[in-house]
2 protein chains.
Amino acid sequence: MNHMNQTKQTQKQTQTEPKRVNPGLEGVVVADTRLGGVRGAEGFYHYGPHNAAVLAETRSFEEVWYLFAHGELPSPAELASFRSATAQLRALSPDVERAIAALGPIESMPPMTAARSVLGVVGASLGIDSWIDDPVPAGRRAIELTAAFPSVVAGLWRVRNGHPIVEPDPSLGFAADYLSMITGARPNPDQVAALERYLILTIDHGFNASTFTSRVVASTGADLCGAAVGGLAALSGPLHGGAPSHVLEMFDDVGEVSNAAAWVENALATGRRIMGFGHRVYRADDPRAALLRRTTREMGSRHADLALEMEPIVLDALDRHRPDRELRTNVEYYAATVLDAVGLPRQLFTPTFAVSRIVGWMAHVCEQVEANRLIRPKSHYVGQPPC
Amino acid sequence: MNHMNQTKQTQKQTQTEPKRVNPGLEGVVVADTRLGGVRGAEGFYHYGPHNAAVLAETRSFEEVWYLFAHGELPSPAELASFRSATAQLRALSPDVERAIAALGPIESMPPMTAARSVLGVVGASLGIDSWIDDPVPAGRRAIELTAAFPSVVAGLWRVRNGHPIVEPDPSLGFAADYLSMITGARPNPDQVAALERYLILTIDHGFNASTFTSRVVASTGADLCGAAVGGLAALSGPLHGGAPSHVLEMFDDVGEVSNAAAWVENALATGRRIMGFGHRVYRADDPRAALLRRTTREMGSRHADLALEMEPIVLDALDRHRPDRELRTNVEYYAATVLDAVGLPRQLFTPTFAVSRIVGWMAHVCEQVEANRLIRPKSHYVGQPPC
């Protein structure tokens, strides 16, 4: 019943009007989670009990996806069965392919917007419903949507560029097939390994804004597709996931290492954005940046040398100009060089982030619905008193 | 710069890990607002300084929309100009009409899902961008999206049912044109007046889950279309806006007033939902239910008598079976009878709720971006300790 969760006690609580406004919800704990955590002071984050950076170096994407879906790493047999089952779920229905054909060519539509629009059709094709009414369990819906999402992103990209859609190849792993559906070519193993590392590193990261959005949406009883769409909308914002392509634009603008110092001083003097630095949680090095820095060094790319040499110049300048802040390189800085080296166009950087983060969103939503409570904070009216 | 908002002080705050978990964010104040407030104990809510129920009885939808967009009620000249400018913005671009033609016929796609997918195309057609980068002010975007949204809902409905899209008629008011685009006929003035009353009553209501979702999405710098899509996803949940059609299903199931008492006892005994009762905020009568009850009495409709006679039976039974709760009739109960009397199909009840609530979402988003802070609460890890 709609009113099952409402006790008099709760209703009384909401009558008191505390005046302290917390616009960023800093320090407010909304959920207990078994999925992972971030220790900003230590520069450490974990998925379940596992160091996330170690998982990224030692495991496949499917193994870590399984960890989020089932709460523990798979046995070899479980992994084989998960790989094969999820690979089958990559195929798109005729309705979804028609939606891609209709929306893909709209040039003014950013790939993130197109992807979330088409994801609604994926949900419809699956017959997804409010998790309250859906006979298919949320955990299964989570896997279905996650498996299909890379095919949506890739299909839209192909159509946008006038190429035919590349059907998924279930013999390929998740990361390799994503690259292959985008480029139409077999990716080389180094590219696949680097992409897989990036994808694992970015699955989850505390209660970031998109994860929180997915949980708020799910708390209303909305279907899991709606929760994912909320996450996609939040992730598209440049203060969250929508900025990695801007890092490349910055490198383009700087051009050469010899210009870097002057460029940075000028940016700081004129209040221009320096992309890829600062994070609300980390005071120590962001472990994601550390691993992607190493990957950048190993792989090289058009901007690899510039990125590596420019980083200390920026940090030094920030330290002099913003001594009140402890600013570190964040995940976006080297995500840009790695995704570029992998052969992904910059327009797909944020959608690729979503390809991994949707695993985190879906696991959080499954946790939310296990013990749901509608998320409904308060606002404080400060206008003219009502007459 | 990405790191502009991050001071050491804030970063330190986030290092402390308070253990008190507040899963519904009850009593947590996220924002100061000038848009309105809800006084649950008094059964009163207001838009700016104006009693919302009085506005619904005395004003047109456009006047109240103007209040949300501009912070005060319009002069007659301002209203005339606002009416005519917003009426022009109802027209859909060819891309949007093509998207409606492509997605409308997908029978498995709920109207709310289709509407949010097509709204992305509206945003693309308008060239909408992150509010941080968009040269068009957020306030203008808010009006553009609000004006176009009813045409999207109506267009999808027409195509779904095999009818041609009805072009908007700028000579009609907002509510009348919405009805006319759905039915293809000139609505009668009583229906328009009742719909307008419903729409005004449901524009805003504190920090409900969809409004909060829109603000969280906007806090990442996402475009206003993304914020609206997040709101739509949250509103689709049956614990929020996705339930009014279930009220009619309940009336269908009860059938006649003489069955009501037995039906209610049976529902309570078997844990079945009784739709339309209970609200987290109101302890007194929900003023929206009160006004829509009166409208139901005035208009009549297939279920009007049943609804009016069944209400005290349900309240009495709830009082006996759930004496620990103070459950009142909520807005959904009589929203169902009014929207039914207006001639709207039940599949469009929640989308129609969105047609008004988008005004609230957009006003909240505009307030959010005026003094933005990324909304990022915390979770508390309770799994096995990381190795």
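Picking out A:D32, I found its bridge partner in strand 5 of chain B to be B:H380. A reminder to myself: this is a predicted model.

**The chain A–chain B contact.** Next I looked up how many residues take part: 122 come from chain A and 120 from chain B. The two chains bury about 10700 Å² between them, and 58% of that lies on carbon and sulfur atoms.

Then I turned to the polar side of things. I counted 27 residue pairs in polar contact between chain A and chain B, both residues at pLDDT 80 or more. For salt bridges between these chains, the count is 2. I noted down the one in which the side chains of B:R373 and A:E26 meet, at 2.1 Å from N to O. The side of chain A that touches chain B divides into 52 nonpolar, 46 polar and 24 charged residues.

**Domains within chain A.** I then moved inside chain A, where the assignment gives domain 1 as 49–240 + 346–370 and domain 2 as 243–340. Taken over C-alpha atoms, their centres are 27 Å apart. How many residues of each domain are in contact with the other? I found 19 in domain 1 of chain A and 24 in domain 2 of chain A.

The two domains bury about 1800 Å² between them, 67% of it on carbon and sulfur atoms. I asked which residues of domain 1 of chain A lose the most area to domain 2 of chain A. They are A:H205, A:R346 and A:F349, together accounting for 38% of what that side buries.

A:R346 came up again when I checked charges: its side chain meets that of A:D252 in a salt bridge, 2.9 Å from N to O.

Last, I sorted the side of domain 1 of chain A that touches domain 2 of chain A. Helix 2 (52–58), helix 9 (189–201) and helix 17 (349–370) of chain A each supply at least two of its residues. Helix 9 of chain A gives the most, with 7 residues. By kind, the residues of that side divide into 8 nonpolar, 6 polar and 5 charged.

Technical notes:
Residues are numbered from 1 along each chain as its sequence is written. Chains are lettered from A and ligands numbered from 1 in the order in which they are written. This is a predicted model: local features need pLDDT of at least 70, side-chain atom pairs count only at pLDDT 80 or more; totals for chains, interfaces and linings use all residues. Side-chain values use heavy atoms; hydrogens and water are left out. Domain bounds come from an automatic or database domain assignment. Contact means heavy atoms within 4.5 Å. Buried area is the accessible area (1.4 Å probe) that two parts lose on being put together, summed over both. A salt bridge is a side-chain nitrogen of Lys or Arg within 4 Å of a carboxyl oxygen of Asp or Glu. Helices (H or I, at least four residues) and strands (E, at least two) are DSSP runs, numbered from the N terminus. Ala, Val, Leu, Ile, Met, Phe, Trp, Tyr, Cys and Pro count as nonpolar, Asp, Glu, Lys and Arg as charged, and the others, Gly among them, as polar. A polar contact is a pair of N or O atoms within 3.5 Å; within protein, one must be able to donate a hydrogen and the other to accept it, and residues adjacent in sequence count only if both atoms are side-chain atoms. Two strands pair if DSSP finds at least two bridges between them.
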